[in-house]
Amino acid sequence: VQLQASGGGLVQAGGSLSLSCAASGRTDNIRIMSWFRQAPGKERAFVAAIGWTGGTTNYADSVKGRFTISEDNARTAVILQMNSLNPDDAAVYYCAAATGVAFVRQLYTRETPYCCWGQGTQVTVSS
């Protein structure tokens with residue numbers, strides 16, 4: 001599975017941004033698609049996940065109610081709609097795909113189950 005992330009950029013605090021991650025290759029093996037982010041000087045952290053077959057979603061507490069993860073109808077891309085952005089959301093955002101993994105929070109919030117990662121896209125939020 002290959003992943004290509006896009007959509008990052010500069011936005012003012014309170015604004016919105018949408019990230020997209022296109023999947024190619026053996027996409028029929030995907031079970032979970034997620035977004036992680038890494039701010040300067042910090043470890044990469046879980047943001048949101050979606051079960052690729054059932055569409056179940058889950059979010060980090062810091063983004064609940066502001067971010068929405070979804071998949072396109074063809075199930076070839078995952079979208080992260082980010083609203084009410086604040087400077088704490090500034091980071092490099094990475095999409096990731098997991099195969100053969102159950103949709104269990106203790107698993108998908110960690111990096112180890114993911115086989116495949118996108119290249120990262122920068123999100124900058126000005127105050």
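1. A disulfide is a pair of cysteine sulfur atoms within 2.5 Å. By that cut-off, Cys115 and Cys116 form a disulfide, with their sulfur atoms 2.3 Å apart. The structure discussed here is a predicted model, and the values below should be read as computed from that model.

2. The Cys115–Cys116 link has a torsion of -85° about the S-S bond and is left-handed.

3. A search of the whole structure finds 2 disulfides. Besides the link of Cys115 and Cys116, there is one that joins Cys21 to Cys95, with an S to S distance of 2.1 Å. This pair links distant parts of the chain, 74 residues apart: Cys21 belongs to strand 3 (residues 17-24) and Cys95 to strand 9 (residues 91-99). The torsion about the S-S bond of Cys21 and Cys95 is about 65°, so this disulfide is right-handed. Cys21 is buried, with a relative accessible area of 0%, and Cys95 is likewise buried at 0%. When the bonded cysteines of the chain are numbered in sequence order, the pairing reads 1-2, 3-4.

4. Where does Tyr114 lie? Tyr114 is in the loop between helix 1 (105-108) and strand 10 (116-117). Although placed in a loop, Tyr114 counts as buried because its relative accessibility is 6%, and the cut-off for buried is under 20%. Leaving aside neighbours within four places in sequence, its contacts are Ile32, Ser34, Phe36, Ala96, Ala97, Ala98 and Tyr108. By comparison, Thr76 is 38 residues from Tyr114 along the chain, and the C-alpha atoms of the two are separated by 17 Å.

5. On aromatic pairs, the search of the whole structure finds 6. One of them is Phe36 with Tyr114: the ring centres are 5.3 Å apart and the planes stand at 80°, so the pair is edge-to-face. Phe36 lies in strand 4 (residues 30-38) and Tyr114 in the loop between helix 1 and strand 10, so the pair ties together parts that are 78 residues apart in sequence. Phe36 and Tyr114 are both buried.

6. Which residues form one aromatic cluster with Phe36 and Tyr114? The cluster also takes in Phe46, Phe103, Tyr108 and Trp117. Of these, Tyr108 is also listed among the contacts of Tyr114.

7. Arg44 lies over the face of Trp117, at 3.9 Å from the ring centre, and Trp117 is a member of the aromatic cluster. Arg44 also lies over the face of Tyr94, at 4.6 Å from the ring centre.

8. Strand 11 (residues 121-126) has two faces. Thr121, Val123 and Val125 make up the covered face, while Gln122, Thr124 and Ser126 make up the uncovered one. Strand 11 runs parallel to strand 2 (residues 9-12), to which 4 bridges join it; here Gln12 stands opposite Ser126. Strand 11 runs antiparallel to strand 9, with 3 bridges between them. What is the bridge partner of Tyr93 in strand 11? The partner is Thr121, a residue of the covered face. Strand 9 is also the strand that holds Cys95.

Methods. Residues numbered from 1 in each chain as written. Predicted model: local features only at pLDDT ≥ 70, side-chain atom pairs only at ≥ 80, totals over all residues. Heavy atoms only, no water. Buried < 20%, exposed > 50% of the residue type's maximum accessible area, 1.4 Å probe, protein only. Contact = heavy atoms within 4.5 Å. Phe/Tyr/Trp six-rings, centres within 6.5 Å; stacked < 30°, edge-to-face > 60°. Lys NZ or Arg CZ within 6 Å of the ring centre and 35° of its normal. Pairing = 2+ DSSP bridges.
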